Amino acid sequence: MEGIASLRMRRPGGLKWTGYLSGYAFILPALTGITVFGLLPLAYAFYVSFRRYDLLAPTSAFIGLANYRRVIADPTFWRALLNTAYYAALLIPAQTVLGLILALLVQKNSPGISIFRASYYLPVVSSMVVASTLWRIMYDAQNGIFNSVLLTIGLPAQPFLTSPSQAIPALVLMMTWKWVGISMLILLGGLNAIPADYYEAAEMDGATRFQSFKLITLPLLRRVLLFIVVINTINAFKLFTPIYVITRGGPMESTLTLVFHIFRTGFRYYDMGAASTMSVLLLLLVLGLTLAQFGLLRSERDI
Amino acid sequence: MRPPGILRRKVQVSLKYAVLIAVALLFLFPYFWMFGASLRPIQEIFADVYPLSWKTFFPGHFTLANYQNLFTKEPFSRYLLNTLFVAGTATGLDLFVNSLAAYVFARISFPGRDVLFIGLLATLIIPFEAIMVPLYLIVRSFGWIDTYLALIVPSAARIFSIFLLRQFMLGIPRELEDAARIDGCSHWGIYRHVILPLSVPALISLGILTFQEHWDSFTWPLIATNRQQYRLVQVAIATFSQEDVVLWDRILAGSTVATIFPIALFLVFQRYYVRGIVTTGLKG
């Protein structure tokens with residue numbers, strides 16, 4: 001036994017070689033999975049976007065940029081893009097501001113505070129389908145609690161999700177409730193990373209609480225806030241489940257989002273060519289936005 | 001007389017708690033109402049919404065009929081078992097495959113390792129929604145549509161999990177492995193007997209996140225399965241309202257059952273859960 005062990009010790013080269021081998025072997029399952037179910041679909045999206053690919057037809061054919069021309073000429077695509085951008089434009093500030101308010105509210109440890117933190121986080125851990133269903137009930141024009149409250153305090157009832165102009169803002173409110181817990185938690189981490197003596201020094205200098213918030217908290221929180229903006233932007237462009245569960249893109253296509261349009265084109269109209277083309281465009285869009293925002297993040301760091 | 005400072009402080013504190021409680025009620029109300037409504041007779045589900053009264057929040061009559069309908073008129077127990085099976089096996093597979101890879105990225109160096117790791121991290125940007133169509137086509141070409149394989153395998157290998165576990169493993173002292181190595185342990189032995197047992201807290205965090213993600217997953221199961229036999233809970237709840245008739249009794253009872261599970265999990269393992277999110281900042 002001892003002889004073998006010392007033999008191995010004397011041959012570091014051999015050990016290194018088996019080290020490489022098991023390194024590759026250990027990584028193989030994960031690498032295969034990510035390649036086959038992550039990178040391959042990515043490449044395949046590009047491939048299919050250059051082909052006529054009807055799920056019901058037996059063959060597909062190369063058609064160059066025809067799918068791209070078709071998608072760009074399709075007003076529904078632009079409608080979906082515009083709806084999604086509108087949703088993002090409302091969601092991002094709502095999430096950031098409310099997340100910050102909640103984080104400030106629960107930051108200081110006081111009796112029972114963890115119960116409040118958990119309650120604000122609870123919607124995050126419940127499912128999107130259930131949340132959508134519940135808000136659909138609450139928004140209901142006849143039987144919903146929102147209109148019940150409005151009528152009780154003497155205001156007129158609202159159509160909410162059945163109105164083309166109110167549907168997206170109503171969805172934003174719902175999604176803010178659903179996901180603001182994550183923004184709160186990340187901002188809480190950012191707030192706790194600010195050294196307490198900064199505030200003490202400011203207080204000694206006679207700064208009001210608002211002044212220390214403006215001059216200490218906000219500047220030191222900038223990077224975390226920008227991170228919140230990045231993740232909420234990406235999430236905004238992925239909006240699908242509530243659309244499928246509640247509105248199906250209606251009324252009058254006012255809640256038709258990019259991902260719902262992709263889903264419908266691919267899995268209801270079986271037009272995989274156009275669906276793949278829009279998937280590629282969605283990917284480029286998210287990629288572009290993320291890189292732009294990370295670029296901002298980097299220039300922030302230099303300041 | 002009390003000094004005015006103390007009084008002001010007291011008013012401030014009670015005001016803060018009033019706000020905290022009011023916001024908590026707003027956040028919890030939908031679940032509270034759901035639970036109450038799931039216990040109402042079906043014709044009374046929406047009966048007390050207007051005018052507002054205590055009955056709006058607490059059902060006047062209690063019944064378990066909605067739950068009875070859910071489990072007798074729908075194969076909901078089948079959906080639950082499907083979901084438990086898929087979420088359980090997918091989580092196990094995720095932990096195994098990705099902890100192996102995480103061990104390599106934390107400990108074994110080979111040419112090109114760091115480039116590979118950074119390349120893999122970059123794939124985090126790819127949103128699932130942008131590859132769901134081609135992924136469907138690939139999984140379909142494997143003949144996996146309407147199988148458990150389609151629900152379990154594609155999501156198993158994840159850079160998110162690798163990253164989370166690697167961060168944790170980097171913090172494990174190397175001395176422990178050196179001792180094992182001198183005793184003649186192979187990489188597998190070190191992984192199995194040193195790294196894995198020491199990574200249990202991270203594995204629990206990741207396990208809870210992964211299980212919950214599978215429990216809640218909707219879009220992929222909706223695409224990858226059609227037959228009732230393979231239906232998962234979230235898709236089932238969505239289909240209760242798909243027809244012209246909305247089956248409110250089943251929706252409310254099913255939603256309650258589907259919600260209790262992850263929330264109980266969250267409350268029991270809150271500490272691990274929060275740690276997982278804070279380490280990565282990437283959930284959602």
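**Exercise 1. The largest nonpolar core.** Find which of the 148 residues in the largest nonpolar core touch the most other members.

*Solution.* B:Ala101 and B:Ile237 touch the most other members of this core. Helix 8 (residues 167-192) of chain A gives the most to the core, with 16 residues. A nonpolar core is a set of buried Ala, Val, Leu, Ile, Met, Phe, Trp, Tyr and Cys residues joined through C-beta atoms within 7 Å. Buried means that 20 or more other C-beta atoms lie within 10 Å of the residue's own, exposed means 12 or fewer, and partly exposed lies in between; C-beta atoms are placed from the backbone. Helices (H or I, at least four residues) are DSSP runs, numbered from the N terminus.

This is a predicted model: local features need pLDDT of at least 70, side-chain atom pairs count only at pLDDT 80 or more, and totals for chains, interfaces and linings use all residues. Residues are numbered from 1 along each chain as its sequence is written, while chains are lettered from A and ligands numbered from 1 in the order in which they are written.

**Exercise 2. Around B:Ala101.** List the contacts of B:Ala101, leaving aside its neighbours within four places in sequence.

*Solution.* Contact means that two C-beta atoms, placed from the backbone, lie within 7 Å. On the chain A side, B:Ala101 meets A:Phe26, A:Ile27 and A:Ala30. In chain B, the partner is B:Ile162.

**Exercise 3. The chain interface.** Count the residues in the contact between chain B and chain A, then class the chain B side.

*Solution.* Chain B gives 64 residues and chain A gives 71. The chain B side divides into 49 nonpolar, 12 polar and three charged. Here Ala, Val, Leu, Ile, Met, Phe, Trp, Tyr, Cys and Pro count as nonpolar, Asp, Glu, Lys and Arg as charged, and the others, Gly among them, as polar.

**Exercise 4. Helix 6 of chain B.** Describe the span, bend and burial of helix 6 of chain B.

*Solution.* Start with span. Helix 6 covers residues 128-141, 14 residues in total. From first C-alpha to last it reaches 19 Å, close to the 20 Å expected; the expected span is 1.5 Å times one less than the number of residues.

Next, the bend. The helix bends by about 40° at B:Pro134. This is the angle between axes fitted to the seven residues ending there and the seven starting there.

Then burial. Of the 14 residues, 10 are buried, so helix 6 is largely enclosed by the rest of the structure. B:Pro134 is one of the buried residues.

Just after helix 6, B:Gly143 takes a positive phi of about 75°.

Terms used:
Helices (H or I, at least four residues) and strands (E, at least two) are DSSP runs, numbered from the N terminus.
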